[in-house]
Amino acid sequence: MNSIQGGVFQQDNARPHTPVVTQHVLQSVDMLPWPARSPDLSPIEHVWNIIGRQLQRHPQSALTVPVLTYQMQQAWNSIPQTDIRHLYDTMHARLHACIQNAGDYTGY
């Protein structure tokens, strides 16, 4: 496994992260102590949520991979830059709220 010098990672103890083989690999990685079921603070997760909501509102369900790819690209391109900027600008406040709530739900 390649390491990122000075890198520290966070994982939320979701099911894909808990199998023995995954835990074995993660032993060689510096991990932040993070409570299970903590809020996902990664801005990209919020972007995926925005895209998912847009896909759910799409008038036609994607029945093929190319159609889904096209719909996702449209959804990605339609996210206002101000929304992305807001996610970035509120990162400090979201981290602070998470610390204040000892890793529990923050409302973000």
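In helix α5, Arg94, Ala97 and Cys98 are buried, where buried stands for under 20% relative accessible area, exposed for over 50%, and partly exposed for what lies in between (1.4 Å probe, protein chains only). Seen down the axis of α5, these buried residues fall within an arc of 100°, so they line one face of the helix; the arc is that of the directions from the helix axis to the C-beta atoms. The face turned away from this buried side carries the exposed residues His92, Ile99 and Gln100. The buried residues of α5 pack against α2 and α4, a contact being heavy atoms within 4.5 Å. Just after α5, Ala102 takes a positive phi of about 55°.

Before going on, a word about what you are looking at. This is a predicted model, in which local features need pLDDT of at least 70 and side-chain atom pairs count only at pLDDT 80 or more, while totals for chains, interfaces and linings use all residues. Residues are numbered from 1 along each chain as its sequence is written, and side-chain values use heavy atoms, with hydrogens and water left out.

Now step back to the whole chain. The protein chain has 5 helices and 0 strands, so called because helices (H or I, at least four residues) and strands (E, at least two) are DSSP runs, numbered from the N terminus. Along the sequence the pattern reads α-α-α-α-α. Of the 108 residues, 19% count as buried. Among the contacts in the chain with a separation of 6 or more, 50% come from residues 24 or more positions apart. The chain exposes about 8500 Å², and carbon and sulfur atoms supply 57% of that area; accessible areas come from the Shrake-Rupley method with a 1.4 Å probe, and for residues only the protein chains shown count as cover.

Let us turn to helix α2. The buried residues of α2 are His46, Val47, Ile50 and Ile51. They cover an arc of only 140° around the axis, which puts them on the same side of α2. An α-helix has 3.6 residues a turn, so residues three or four places apart point the same way. The buried residues of α2 pack against α3 (65–78), α4 (81–89) and α5 (91–100). The length of α2 can be checked too: at 1.5 Å a residue, its 15 residues should span 21 Å, and its end C-alpha atoms are 22 Å apart, which agrees. The expected span is 1.5 Å times one less than the number of residues.

Together with Trp48 and Trp76, Ile44 forms a nonpolar patch on the surface, with about 320 Å² of accessible area. Patches are made of residues with over 30% relative accessible area and no salt bridge, like charges being joined within 9 Å and nonpolar side chains (Val, Leu, Ile, Met, Phe, Trp, Tyr) within 5 Å.

Next comes Ser78, in helix α3. Ser78 counts as partly exposed at 42% relative accessibility. Ser78 and Ile51 are 27 residues apart in sequence and 9.2 Å apart in space, C-alpha to C-alpha.

The structure holds 1 salt bridge, meaning a side-chain nitrogen of Lys or Arg within 4 Å of a carboxyl oxygen of Asp or Glu. Arg85 forms a salt bridge with Asp89, and the closest N and O atoms are 3.5 Å apart. Both residues lie in α4, 4 residues apart, about one turn of the helix. Arg85 is partly exposed at 46% relative accessible area, and Asp89 is partly exposed at 49%.
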